[in-house]
Amino acid sequence: MRIADTSDLWWKQAVVYCVDIERFLDTDGDGSGDIAGLAERVDYLAELGVTCLWLMPFYPTPNRDDGYDIVDFYGVDRRLGSFGDLVELVRTAQDRGLRVIADLVVNHTSDQHPWFQAARSSTDSPYRDYYVWRAEEPPDTSGKAVFPDKEGGIWSRDEATGHWYLHRFYRHQPDLNLSHPKVRDEIAKIAGFWLHLGLDGFRVDGIPQLLTVGQGDDLENQGGFTDPHGFLRSLRRFLNRRNGRAVLLGEVNLPYPQQLELFGTEDAGELTMIFDFVAMQNLYLSLARQDAGPLAGALRSRPPIPREAQWANFVRNHDELTLDQLSEAERQEVFAAFGPEERMQVYGRGLVRRLPPMLGGDRQRIRMVYSLLFSLPGTPVLYYGEEIGMGENLAAEGRMAVRTPMQWTAGRNGGFSSAAAEDLSGPVAEGEYGPDAVNVAAARRGPDSLLAFVTLLARRYRECAELAWGPAEVLDQPRPGVLAHRCSWEGSAVVALHNLAAEPTTVPLRLPDEAQGTELVDLLADGTCTLDADSAAELALEGYGFRWLRVQRPHGPGTLPDVMTTVAGAGEA
C-alpha cells in the first residue's frame with residue numbers, strides 16, 4: 001500500500017459517524033444537545049475508531065423539519081451554540097485525528113429564508129429566479145410528493161403573487177432553482193465559507209431531487225435544470241481548489257447505473273462518495289429470507305467506479321429505512337419480518353426502526369450484521385448510538401422514532417440532559433432498549449459488549465486496506481445462507497464469511513488461485529486453517545456466524561503483529 005494513497009484519499013478508508021448534535025449531549029441543561037457537548041465526547045469517538053464526524057444540520061432554522069429547513073446557510077443555530085463552539089469542536093476533532101463534514105442542504109430553503117421572503121414579495125424581485133415558479137395552475141402531482149401524508153403535491157400557491165412555487169419536500173421548504181447561475185454561485189460561497197472554517201467536505205442532501213428540479217414540471221421561465229452533472233463537476237472542482245482533501249458524500253437513492261453517472265470520471269469527478277442504498281436494501285431482504293442471494297446479487301452488480309471514488313456502506317441512517325429499490329413483493333417480505341405493525345412503517349416504502357429491535361435483540365445476529373458492514377468493500381458509516389445497540393421510540397412521529405437522545409448512562413434522561421423530560425429535544429427511548437439496559441457507561445465496562453465489538457471491527461477495518469481499496473469478488477458458495485467475498489489489493493487479500501441463516505453450517509471454501517499450504521488467519525479471534533492440495537478448506541460457521549480471514553501465503557505478505565488481538569482485548573484498549 002502506498003502511504004500517499006491512504007493519506008491523500010482519506011475517505012477511501014474512513015470510519016464515518018453521523019451525529020445529531022441536538023440529541024447527542026446537552027451541557028447547559030436546556031433540553032437540547034449542543035456543540036459543546038459533542039466536543040466533550042470527541043475522545044469517546046476517537047476511542048471507538050471513528051475518523052470522520054458527519055454533522056447533521058446545525059444552521060439557524062424554524063425547526064419544522066428537524067433542521068433541514070434552513071434560514072441562514074452561514075450561521076449556527078443559537079440553540080446549539082456559537083461559531084466559537086463550532087470552531088473549537090473542529091479543532092478538537094482535528095487534534096484527535098478526526099475530520100469533520102457537515103450536511104450541505106441546497107435542494108431547498110426554509111420559506112422563512114430572506115431569499116424566499118424577497119422572492120415572494122414581487123414577480124420583479126431579483127431573488128424571484130432563486131426559486132421555481134409557475135403562473136398557471138399545475139396538474140395533479142400527488143404522486144411526486146416525498147411526504148405524501150403531509151403534502152398533496154409538489155406545487156403550492158403563494159398568495160402574494162398568485163403564482164405556484166415548487167417544493168419536492170414540504171411546502172415550507174421551497175426548492176432552489178439550480179439552473180440559475182447566481183444560485184450556483186451562492187452554493188459555492190456557502191461551501192467555501194465552511195471549508196475556510198475547517199470542514200473537510202459535505203454530505204449532500206437529496207441528490208435525486210436536486211438533479212430533477214425543473215425537469216418535466218412544465219416550467220415557463222427557465223426551461224429546467226439542463227446540466228446537473230456540470231453543476232456537480234464545477235462544485236467538485238471548486239472544493240478541490242479550496243481544500244484538496246475535501247469530500248462530497250452524496251445521498252443518492254437510485255439504481256446503480258444512475259449512481260455511476262454521479263461519480264463522474266477519472267478526469268472529471270462529481271461526487272466523491274455515494275451511499276449504497278441498493279446493497280443496504282438487499283441486505284435487509286437477505287436478512288428477512290436468511291438467504292445471502294439478494295445481497296450477493298447487489299454486490300455482483302455494483303459497477304466499477306473511478307479510483308478516487310468510494311461506496312459508503314450503512315445499516316441505517318437518520319431517515320426512514322427506505323426499501324423503495326425493492327419490488328413491492330420484496331418490500332412486503334421485509335415488512336413482515338422486521339416491521340409487521342403499521343406504526344413501524346412509513347409511506348409504504350420504509351421502516352422507522354433501528355437494527356437491534358428488528359432482530360429481536362439477537363446478540364449474535366446483530367454482531368453478524370455489523371461485521372458485514374465493516375467488511376463490505378467501501379467505507380462504513382455509523383449512525384449515533386448504533387455502537388451500543390440503541391433502539392427506536394415508536395411513540396415519536398415518523399422518522400423521529402430513530403432520532404432519540406443518546407444514552408450515556410442509566411441515570412436521568414440517559415445522561416443526555418439534566419432538563420425535565422418534557423423539555424427534551426426528543427423523548428428518550430424506553431423499555432428493553434432504553435438507557436436502563438443500553439448505555440455507554442455500562443458498555444465501556446463490558447469487555448464483551450457491542451461497543452467493544454464495534455471498536456474491534458473499526459480497528460480491523462483500518463488494518464485491512466484491502467476492504468477499502470481492493471475490488472471485491474463474491475465467491476461462489478453452495479450454502480444459500482452464506483455470503484463469501486474476497487477483497488484483494490497489492491498482493492494481499494482478505495476473505496470474509498457471513499452466515500445469514502440461523503442454522504450452523506460448514507462452508508466449503510475454494511481459492512483456486514492460491515497455492516497448497518496457504519494459511520487463512522482469523523482476524524476477529526484466534527485460529528488458522530490451511531488450504532489443501534485442491535486449494536480448498538472447510539470452515540465452520542455457527543448460526544449467524546462470521547469470520548474475517550487474511551490470506552497468508554507461504555512466501556507472501558505478512559500479518560500485522562497485533563492481528564491476533566481478541567475481542568476482549570479490544571474492549572480493554
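This is a predicted model: local features need pLDDT of at least 70, side-chain atom pairs count only at pLDDT 80 or more; totals for chains, interfaces and linings use all residues.
Reader: Okay, and which helix is Lys-182 found in?

Author: Lys-182 is found in helix 6, and its C-alpha atom is separated by 7.7 Å from that of Tyr-130, a residue 52 positions away along the chain.

Reader: How do the axes of helix 6 and helix 8 cross?

Author: The axes of helix 6, residues 181–196, and helix 8, residues 228–242, come within 10 Å and cross at roughly 30 degrees. Because angles under 35 degrees count as roughly parallel, helix 6 is described as roughly parallel to helix 8. The crossing of helix 6 past helix 8 is right-handed.

Reader: Which residues make the contact there?

Author: From helix 6 the contact is made by Arg-184, Ile-187, Ala-188, Ala-191, Gly-192 and Leu-195, while helix 8 brings Phe-231, Leu-235, Phe-238, Leu-239 and Arg-242. Sorted by kind, the residues of this contact of helix 6 with helix 8 are eight nonpolar, one polar and two charged.

Reader: Changing topic to the sheet: how many strands are in the barrel, and in what order do they run?

Author: The barrel is closed and has eight strands, running 1-2-3-7-8-9-10-14 with parallel pairing. On average, neighbouring strands of this sheet are turned by 25 degrees against each other, direction ignored.

Reader: Over how many bridges do strand 9 and strand 10 pair?

Author: Strand 9, residues 273–275, and strand 10, residues 310–314, pair in the parallel sense over three bridges, and Met-273 stands opposite Gln-310 in strand 10. Helix 9, residues 256–263, packs on the sheet and touches both strand 9 and strand 10, its direction making about 155 degrees with that of strand 9. Helix 14, residues 363–375, also packs on the sheet, where it touches strand 10 and strand 14, and its direction makes about 135 degrees with that of strand 14.

Reader: And is strand 14 buried or exposed?

Author: Five of the five residues of strand 14 are buried, so the strand is largely enclosed by the rest of the structure. Both of its faces are covered, with Thr-379, Val-381 and Tyr-383 buried on one side and Pro-380 and Leu-382 buried on the other.

Definitions and conventions: Residues are numbered from 1 along each chain as its sequence is written. Side-chain values use heavy atoms; hydrogens and water are left out. Axes are lines fitted to C-alpha atoms, for helices over the stretch in contact, and angles run from 0 to 180 degrees between N-to-C directions. Helices (H or I, at least four residues) and strands (E, at least two) are DSSP runs, numbered from the N terminus. Angles under 35 degrees count as roughly parallel, over 145 as roughly antiparallel, 65 to 115 as roughly perpendicular and the rest as oblique. A crossing is left-handed if the near helix is turned anticlockwise from the far one by less than a right angle, and right-handed if clockwise. Contact means heavy atoms within 4.5 Å. Ala, Val, Leu, Ile, Met, Phe, Trp, Tyr, Cys and Pro count as nonpolar, Asp, Glu, Lys and Arg as charged, and the others, Gly among them, as polar. Two strands pair if DSSP finds at least two bridges between them. Buried means under 20% relative accessible area, exposed over 50%, partly exposed in between (1.4 Å probe, protein chains only).
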